Amino acid sequence: MSSRSNRDRLKAPDADESIGLDLNDTKSQENKTQGLHFTVPTEFVDLPSGGRYYQKGHPLHNVTSVEMRHMTAKEEDILVSESLIQKGVVIDRLLQSLLVDDRIDLSNLLSGDKSALTVAARITGYGPDYRTSVDCPSCGAKQEFTFDLNKGVNVGACADADELNEAIEGVEATENGTFLIDLPKSGHTVEIRLLTSKDELELEKFQEKRKKRGLENSSFLTDTLKSMIIAVGDITDRSSIQQFVETMPAIDSRYLREIYRNLVPSVDLTQEFSCSKCDFRQDLEVPVNIEFFWPR
């Protein structure tokens, strides 16, 4: 997250307004109120995708960073909205409120880019120190641990097709921000897209519906593959693709999921954890739980 100077955007009170005010003087009170005017600072947040995987016409096509306002009391009102929390859209509403460019739709953001904005919003709101409870993977002891969110690193997209081919063998990027992948077992070439925030939310809602109906919640893997794959060879029919996914060899399924993990631009929040009880050390992913935006 790169800083932006806002000194020239702040309105400071005049010298005669800042001292010697008569509390009974209405005019003086008006001047004092005007002197409290404050323009919210902004930050430019680097996108892990670098804008490379958005199609032409998308406001983030080839855009490397976006401008965000710092969190204010207004955004805290959003965070405590019970209705937004229950609907599961509170973070989206928060980020949408902070974006300077109102053309950007949070639901169409790649998940890694949304993660970068989420971390940036938390830092501007409550600082980079994130204190939360952690269970030691070795001894199981629960303890307080402080993560430094400033240490998050963007794992970005490959700059061009040559870099992609060198990094991930057998993957070809298209002009539409999709990827062609040859499957090792079946030999089919599939075209996949990176999932957006909206896609992931729809997958979660679908799983919740299955759970409420008493159905086994065991289709998440195939549902994700069905959302990810947009073509098998020349076949783009959705019902045919769904049938293909359900009969895909396990080797192909695992290979495709591994390739996808390597393709997705993201924010690496892994940091070293040291147990205060048993001195165990291990890199842990920063847990994004309820304390992330609702610190104690």
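Helix α9 passes helix α11 in a left-handed crossing, a crossing being left-handed if the near helix is turned anticlockwise from the far one by less than a right angle, and right-handed if clockwise. The axes of α9 and α11 (residues 250-263) come within 12 Å and cross at roughly 65°; axes are lines fitted to C-alpha atoms, for helices over the stretch in contact, with angles running from 0 to 180 degrees between N-to-C directions. This is a predicted model, in which local features need pLDDT of at least 70 and side-chain atom pairs count only at pLDDT 80 or more, while totals for chains, interfaces and linings use all residues. Residues are numbered from 1 along each chain as its sequence is written, and side-chain values use heavy atoms, with hydrogens and water left out.

**Packing around α9**

- Leu 221, Leu 225 and Met 228 of α9 meet Ser 253, Leu 256, Arg 257 and Tyr 260 of α11, where contact means heavy atoms within 4.5 Å.
- The axes of α9 (residues 220-228) and α10 (residues 238-246) come within 9 Å and cross at roughly 140°, and the two helices are therefore oblique to each other; angles under 35 degrees count as roughly parallel, over 145 as roughly antiparallel, 65 to 115 as roughly perpendicular and the rest as oblique.
- The crossing of α9 with α10 is right-handed, and the contact is made by Thr 222, Leu 225, Lys 226 and Ser 227 on α9 with Arg 238, Gln 242, Val 245 and Glu 246 on α10.

**Overall make-up and core**

- The chain holds 11 helices and 13 strands, taken as DSSP runs numbered from the N terminus, with helices being H or I of at least four residues and strands E of at least two.
- Buried residues make up 38% of the 296 residues in the chain; buried means under 20% relative accessible area, exposed over 50%, and partly exposed in between, with a 1.4 Å probe and protein chains only.
- Among contacts between residues at least 6 apart in sequence, 60% join residues at least 24 apart.
- In the largest nonpolar core, of 64 residues, Met 68, Leu 117, Val 190, Ile 192, Ile 229, Leu 256 and Leu 263 touch the most other members; such a core is a set of buried Ala, Val, Leu, Ile, Met, Phe, Trp, Tyr and Cys residues joined through side-chain atoms within 4.5 Å.
- Helix α6 gives the largest share of this core, six residues.
- Not counting residues up to four places away in sequence, Ile 192 touches Thr 178, Phe 179, Ile 181, Met 228, Ile 229, Leu 256, Tyr 260 and Leu 263.

**Helices α3, α5 and α6**

- In α5 (residues 90-98), Val 90, Asp 92, Leu 94, Leu 95, Ser 97 and Leu 98 are buried, and what covers the buried residues of this helix includes β3 (65-69), α3 (73-79), α4 (82-87), α6 and α8 (197-212).
- Asp 77, found in α3, is exposed, with a relative accessible area of 56%, and its C-alpha atom is separated by 9.4 Å from that of Leu 94, 17 residues apart along the chain.
- Thr 124 lies in α6 (residues 111-126) and is buried, with a relative accessible area of 18%.
- The side chain of Thr 124 reaches the backbone nitrogen of Met 71 at 3.4 Å, and a polar atom of the Thr 124 side chain lies 3.0 Å from the backbone oxygen of Ala 121.

**Loop residues with positive phi**

- Asn 62, in the loop between β2 (42-46) and β3, has phi near 60°, a positive value in a residue other than glycine.
- Asp 279, in the loop between β12 (270-274) and β13 (281-285), has phi near 65° and is exposed, with a relative accessible area of 61%.

Notes:
Polar contact = N/O pair within 3.5 Å; in protein donor to acceptor, adjacent residues only side chain to side chain.
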